[in-house]
Every structure is written in C-alpha cells, then in structure tokens.
Amino acid sequence: MSKILILGAGIAGHTAASHLRRKLSREHEVLVISPNRNFQWVPSNIWVGTGRMKSEEVFFPLEPLYKRKGIGYTQAKVVSFHPEGDASDQKGFVTIEYLYGEKAGVQENVNYDFLINATGPKLAFELTEGLVPGYNKAFSVCTYEHASHASDALHLLISEIKISGKKAKILIGTGHPKAT
Ligand SMILES: Cc1cc2nc3c(=O)[nH]c(=O)nc-3n(C[C@H](O)[C@H](O)[C@H](O)COP(=O)(O)OP(=O)(O)OC[C@H]3O[C@@H](n4cnc5c(N)ncnc54)[C@H](O)[C@@H]3O)c2cc1C
C-alpha cells in the first residue's frame, strides 16, 4: 500500500488527485493538502472580472466531492519539505500549518511514499511597482476574489462614464515575468 500526497488543489493537483483515485485501488491512499477549501477554474476569472459570471460560478468546495470519491483532504499549507525524513521518521514528509479554525497556527508532519508538488505560481504582485491589487486603481483577475473586485471597479467606472460622459483610459497587461 502506498500513500500519495498531493500539495495544492488547483488545476494540476486536482487533476492528479482525480486520475490517481480512479486508477489506483482503494488500498492506496490519495491525500490532498491545500489552503483554499475551494477548487477554482482560474481561466474563467476573466469572465468574473468583466461581470459576465459570478465568482460562485467558477469555484466549488473540495471536501464534499473528495469525501464521495475517497480522496483525503486537509485544509492547510505546506511550510517545509523533508524528502529524506529525520531521526524519528526515515520516510519523506512535509510540515504543514493549519490556517483556520481551532487548529490555526498548529504545525504537524505528514509523511508520504510519493509526493506531487502542485502548488502553482506565486502571485508576486509586489515585483511590479504599483500593481498591488486594490491600490492605485490596480486590479487583478488572478483569483476569483480579485476578479470580483475588478468587476465592481469596472462597472463603477462604466457607470461614471455613462453619467458624466468623461473619458477614461483602461490599461490591460501582465506583471513582472517572475510573478508566475
Ligand atoms: C485570468 C487567467 C486566465 C487564464 N486562462 C488560461 C487559459 O485560458 N488557458 C490556460 O491554459 N491557462 C490559463 N491560465 C493559466 C492557468 O490558470 C494556470 O496555468 C493554472 O491555474 C496553473 O495550475 P496549477 O495547478 O499549477 O496552479 P493553481 O491552479 O494556481 O493551483 C495551485 C494550488 O496550490 C495551492 N497552494 C499554494 N500554496 C500552497 C502551499 N504552501 N501548500 C499547499 N498548497 C498550496 C493553492 O491554494 C492552489 O490550490 C489563466 C490564468 C489566469 C490568472
């Protein structure tokens, strides 16, 4: 029996978990660890940002689905990797930290036989001066929450333009190449 640990429940991690659960017999454990309790279909954040979809339409909660499918799920973030184990455990393990609820701030070790690291890009807005979402009229569509704020701002601007007839300039682009 093997324990497969998947870090991240984004497009890569969720796809890996679904395929592994389908292909492996139940004697093997598939465990997903991710800080966000929802799966989000990131590409559709474009439609959230323009107001054509609601943020609730681009995500769903992971836990009920994983329970049904027999995939383990822990809501936490990984803080360190120990592929060669330590003095007390020769198996590789990661240290995780709980972010919410009674266990918030608590750290524990989770060992594995196989590890898939699918924690995605780092959204490093600060690498581009002035691009931090919410400041200086800068908005992002990288997460459904960002996209929802972008949509509110866009529609406020559109209504101002309609009412006052003023002209506005909207700049659309990407940030620093090291941001993802
Ligand atoms: C607006 C937008 C539109 C896009 N459109 C397209 C498109 O049309 N086609 C296309 O191919 N690509 C598109 N992309 C890119 C695509 O969405 C990404 O390439 C894809 O989401 C990357 O998947 P991933 O699983 O690697 O990372 P993510 O989907 O970002 O998932 C990472 C996961 O890791 C978790 N995580 C983060 N840190 C930790 C940690 N410390 N411990 C545990 N878990 C952690 C996160 O919570 C998340 O669940 C788009 C991106 C954006 C922003």
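Modeller: A residue is called buried if 20 or more other C-beta atoms, placed from the backbone, lie within 10 Å of its own, exposed if 12 or fewer do, and partly exposed in between. This is a predicted model, in which local features need pLDDT of at least 70, side-chain atom pairs count only at pLDDT 80 or more, and totals for chains, interfaces and linings use all residues. Residue numbers start from 1 along each chain as its sequence is written.

Colleague: Is Val42 buried, exposed or partly exposed?

Modeller: Val42 sits in the loop between β3 (38-40) and α2; helices (H or I, at least four residues) and strands (E, at least two) are DSSP runs numbered from the N terminus. Within 10 Å of Val42 there are 18 other C-beta atoms, so Val42 is partly exposed.

Colleague: How far apart are the end C-alpha atoms of α1?

Modeller: The expected span of a helix is 1.5 Å times one less than its number of residues. For the 13 residues of α1 this gives 18 Å, and the end C-alpha atoms agree, being separated by 18 Å.

Colleague: Within what arc do the buried residues of α1 fall?

Modeller: Gly13, His14 and Ala17 are the buried residues of α1. They line one face of the helix because, with directions taken from the helix axis to the C-beta atoms, they fall within an arc of 95°.
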